[in-house]
Amino acid sequence: MTVREGSLEAPTRHPIDWRNPAFFDRDAALDEMERVFDICHGCRRCVSLCNAFPTLFDLVDESKTMEVDGVDRDDYWKVVDQCYLCDVCYMTKCPYVPPHPWNLDFPHLMLRAKAIQFKEGTPTKFRDTSLASTDRNGKLAGIPVVVNAVNSLAHSPAVRSMLDSRIGIHKDAWLPEFSSKQFSKTAVASSAHPVRDGAKTPGKVAVFATCYVNYNEPGIGHDLIKVLDHNRIPYVLVHKEACCGMPKLELGDLDGVAQLKDKNIPKLAALARDGYAILAPIPSCGLMFKQELPLMFPEDADVQAVRGAMFDPFEYLVARHKDGLLETDFTDPLGKVSYHVACHLRVQNVGQKTREMLSMVPQTSVNTVERCSGHAGTWGVKKEFHETAMKIGRPVFRQMAEHPDGEPDWVASDCQLAGHHIEQGMQGKADGKVAHPLTLLRMAYGLPA
C-alpha cells in the first residue's frame, strides 16, 4: 500500500521524551535526522520559511550524490544551528506531521539535537547561556545605579565592537535597554471590581508579566493593566515569577527549563484552580505554558491546569467581547497600523485576535503581515546569525512599510523584540512609530500613559 501525500487531519504532537536516556543518543538522533532530512529534501515546501531548509538543501545539492546520503553527517549540525524553533514549519507547512505515518516533527527533532549539543558543550556556550539568563540579566542591569551605565555602554561603538569580537554579539544588532522601574514593583493594585465570569472567559486575571516586560519595557505591562481596569476586570500579578524557560529551551537546556518550571508552575496552577485567566503579554512565554511545558511534562496535572488557563491578552479580550463584557468606547483613532503577527503567536492557533481587536477601533486600518521577522529571541543578535536574521526579515520590512492606505502611522508586533528588529530593518521608516499592540489599545481607549 502506498503512503498518501499529506494529511487531512489537524496536526497533533507527541510528548517530548527528554527524560529517556535514549533521547540524548547522538547516533540515534543523527539517524532520525537523516530520515527526516530525506523527506524534507523530497518536498522542499519550507524553503522560504527560514535558513534551516536552504542550508539543508544546499548541502544536498552540493553533495556527490545530490541526495541526503551524500551529505556528511557532521554537516547536519549546520542545519540544527539555523533552526530557532519557531514551529511555523510544523504548524503551517509540513504535510507529514502526525498523525501522518511519516511522523515528521522537524522543530522537536532540532530541539533534541540542540539538547545533545548543550550537554556536549559548544564554543559559544558562555555567550548563549548568558543571553538566556534573562532574570539574572534583568535584576543586575536594572539596579538604579547601574542601569544608565549599562544602557549607555550598549550604544557605545567601542563596546559593541568588543562584544562582537570577544563574545559574539553582533555589533549592529538591536539590543533592548533595561529599565530601573521593574514592572512588578511599580504596577498599581487592581481596583475592587466585581468578578464577572463569561461563557468563554473567567472574570478575573493573573498577569504573568514576562522577563521582557518586567525588566525592559514595563510600559507594556502598565498598558495591559490599564486596559483591564478600564474593562472592570480585577487582576493580580503572579508573585515572584521566574523566566518562562523559552530562552533555555531554544538552547536545548532542558534541565534549566525544568528548574524554571518548578518555580513557576505551583503558583500558576494555584491561580488557575482559583478561577483566574492567566495572561502573558509576550507570545513566546504564553506558548511555553500552552505547548512546550505540557509536552515536556504530559503527566503533570499542574502543568495541564496552567495550560488550560493561559491566554494571549488579545485572545482573552476578543473572547471577552464575544461574552458581551468588553468595553468598546474607543475615543482615539489609530489611523494606519502595520501589524506583524509573531510566529509564536501564529502557532498558538487562536487566530488573528490582535488584528480583530485593533480593527474594532474606528478610523483604524490594519495592514497585517504574517511572516517571520527573523529575530527569533536571542538568535538574531548573535554574530554568526544576525545578517541572516536581517535577510529573513526583508520581506516583512518591505510589507510593513507598504500599508495599502499610505505610510503607516504605527508599526506593531505582539513580540516587541520582533517589533524593534523590524524597526531596524525598515531603516528609518518606522522611527518613533513602534508600539506594542497593548499600547495602541490603551491609546485607543483614550487612557493616559
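How many nonpolar, polar and charged residues are in the lining of the second largest cavity? Keep that in mind as you look around this predicted model.

**Stop one: the largest cavity.** The model holds three cavities of 30 Å³ or more, and the largest has about 110 Å³ of space. Select C40, C43, C46, F53 and C94, which are the closest to its centre among the 15 lining residues. Next, colour helix 1 (26-43), helix 2 (52-61) and helix 4 (88-93), the elements that each give two or more residues to this lining. Helix 1 gives the most, with three residues. By class, the lining of this largest cavity has twelve nonpolar, no polar and three charged residues.

**Stop two: the second largest cavity.** Here you will find about 80 Å³ of space. Select its lining: L49, C50, F53, Q82, C83, Y84, L85, C86, D87, C89, F106 and P107. Now for the opening question: this lining has ten nonpolar, one polar and one charged residues.

Then centre the view on M33 and show Y76, W77, V80, L109, M110 and A113, which M33 touches when residues up to four places away in sequence are not counted.

Methods: Residues are numbered from 1 along each chain as its sequence is written. This is a predicted model: local features need pLDDT of at least 70, side-chain atom pairs count only at pLDDT 80 or more; totals for chains, interfaces and linings use all residues. Side-chain values use heavy atoms; hydrogens and water are left out. On a 1 Å grid over the protein atoms alone, a cavity is a set of points where a 1.4 Å probe fits but cannot get out, and a pocket is an open set with protein on both sides within 12 Å along at least five of seven lines; lining residues have an atom within 4 Å of a point. Grid points are joined across faces, edges and corners, and a volume is the space filled by probe spheres set on the points. Helices (H or I, at least four residues) and strands (E, at least two) are DSSP runs, numbered from the N terminus. Ala, Val, Leu, Ile, Met, Phe, Trp, Tyr, Cys and Pro count as nonpolar, Asp, Glu, Lys and Arg as charged, and the others, Gly among them, as polar. Contact means heavy atoms within 4.5 Å.
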